[in-house]
Amino acid sequence: MFDLYSDYLLVNQGQPTATQLAALVDGKLSHDAITRSLHQQDYNSAHLWQVVKPFVHQIAQADGVLIFDDNLEEKPYMATNPLIRYHFDHCQGRTIKGINQLTALYHSSSSSLPVAYELIEKNQQKLDLKTGKTKWISLISKHQLLRQLVKQCIVNNLTFRYILADCWYSCADTFTYINGLDRHFIMPIKANRKVALSQLDHQQGRYRSIESLALEESQLLVVWLKDVAFPLHLTRQVFKDGDTIQGELYLMTNDSTADSVCMQTQYARRWKVEEFHKSIKSNTGYGASPAHTVRSQSNHLFLVMLAFVKWEALRLSTSKNHFALKKLLTLNATKLALQELNSLKSQSTLLAKAA
C-alpha cells in the first residue's frame, strides 16, 4: 500500500487524496482501505532508515556530509493540532501556522538522501509572562532533537566527515555535544557572539564580539567561544558582486586541520538541503494532503520522504533531475489524455457534424 501511495505522489499533479488513488487503480483498492492504511500505525524516522539504508550504503563516502535543517510548511486553513501549530518563520520574520520538520540529509558526491527526521509537535501549554497569554510549546527543543538525530545517525554507522547546519543551531551545547562524539562540524555563527583570542583570555572571561575582530576575507583565526571548553577555527566568507559586498558568513569548526578554503567549500554543500526542501514541496505534494489527524498527516510526510528517495534513484539511473522527471511524467500523462479526448470526440455525433 505504501509503495503504491509513494508512487502516486510521484505522478500526482494536484492534491493527493485516497479517493483519487482508488480511482487510479480502477477500484482494486477502496477509498476506505487506503484511508485505513494511513491510520494503522505511526511511521517515523526509524522506519525511514530501514527503507533508505541499502541506498545510503551504495552512495556512502568518507567525505560525505550530514546536513541538518528544518522547513516550515504553511497550513493556514487547517484546524490546529499538536502537529499544526504556530511556528516562527525566520525567512518571513513572523509566526505562521503550519508543520515544522527537522531533517537530517546525507549528501555524498553522487546523491542526497534523507536519513532521519523529526516532526515538531507542540503538545504542552505554557503561560507567556510578557503577554499574559498561553501558548503551545514542544517539550523538546529543536537543538535537542538535532543532537538526538546526530547520535542516531552515528548508531546507524553512517559515514560522514562534517555535520553542517545554519546559524540557528550554532549553540555551545551542540558544539560541545558533537565534539564529545569525536565528530566535526562546520556552522556559521552570528557576528555578535563572544570569543576569546587565547586560552588565558578564555579562562579569565575576557571576550570580544566576532564583529569587533575585523577579520579579513578568508582569514583563519583560532578562538575560544564563550561556554565552549575547546578551541575552534573561525573564518570570514565574503559574498561580492564586483567590488560590492553582498553578504558575509562567519564560519566555525572544531576541525583543527581545516583551513578557510576547506571550510567554505564544505559548507557550500549545505545548499543541498534547500534543493531537498524545494523538491518535496514541488514534486511530491508535501503540504497538499487534506488529512486531518496527526497520525495520517505524519504518515503522509513519511511517504513523501520515501517518494524523494525514489526520485533520487530515478535521477541516478536517468541523469534527469527531479523537476525534469516530473515534467516528463506530466507530458506523457497529457499525451494519453489528448488521445483519450480524441477518442471521445470521434464518438461524438455533434462534434462530427460541426467538423
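Predicted model: local features only at pLDDT ≥ 70, side-chain atom pairs only at ≥ 80, totals over all residues.
**View 1. The largest nonpolar core, with V115 and F175 in focus.** Welcome to the largest nonpolar core, a set of 43 residues. Within this core, V115 and F175 touch the most other members. Helix 5 (residues 142-155) supplies the largest share of the core, with 6 residues. Look beyond this core and you will find another one, lying apart, with 42 residues that include A258, F302, L303 and A307.

**View 2. The surroundings of F175.** Here we zoom in on F175 and its contacts, leaving aside neighbours within four places in sequence. The partners of F175 are S170, F185, M187, I189, L225, V228, F230, L232 and M252.

**View 3. Helix 9 packed with helix 11.** Helix 9 (residues 271-283) meets helix 11 (residues 322-346) at an angle of about 15 degrees, and their axes are 10 Å apart. Because the angle is under 35 degrees, helix 9 counts as roughly parallel to helix 11. Their crossing is right-handed. On the helix 9 side, take a look at K278, S279, S282 and N283, which meet H322, F323 and K326 of helix 11. Sorted by class, this contact has 1 nonpolar, 4 polar and 2 charged residues.

**View 4. M263 in helix 8.** Our last stop is M263, a residue of helix 8 (residues 260-267). M263 has a relative accessible area of 0%, so it is buried. Setting aside neighbours within four places in sequence, M263 is in contact with I186, L220, H233, T235, L251, M252, T253 and A258. For a sense of scale, I59 is 204 residues away from M263 along the chain, and the C-alpha atoms of the two are separated by 23 Å.

How values were computed
Residues numbered from 1 in each chain as written. Heavy atoms only, no water. Core = buried A, V, L, I, M, F, W, Y, C linked by side-chain atoms within 4.5 Å. Buried < 20%, exposed > 50% of the residue type's maximum accessible area, 1.4 Å probe, protein only. Helix = DSSP H or I, 4+ residues; strand = E, 2+ residues; numbered from the N terminus. Contact = heavy atoms within 4.5 Å. Axes fitted to C-alpha atoms, helices over the stretch in contact; angles between N-to-C directions. Parallel < 35°, antiparallel > 145°, perpendicular 65-115°, else oblique. Left-handed = near helix turned anticlockwise from the far one by under 90°. Nonpolar A, V, L, I, M, F, W, Y, C, P; charged D, E, K, R; others polar.
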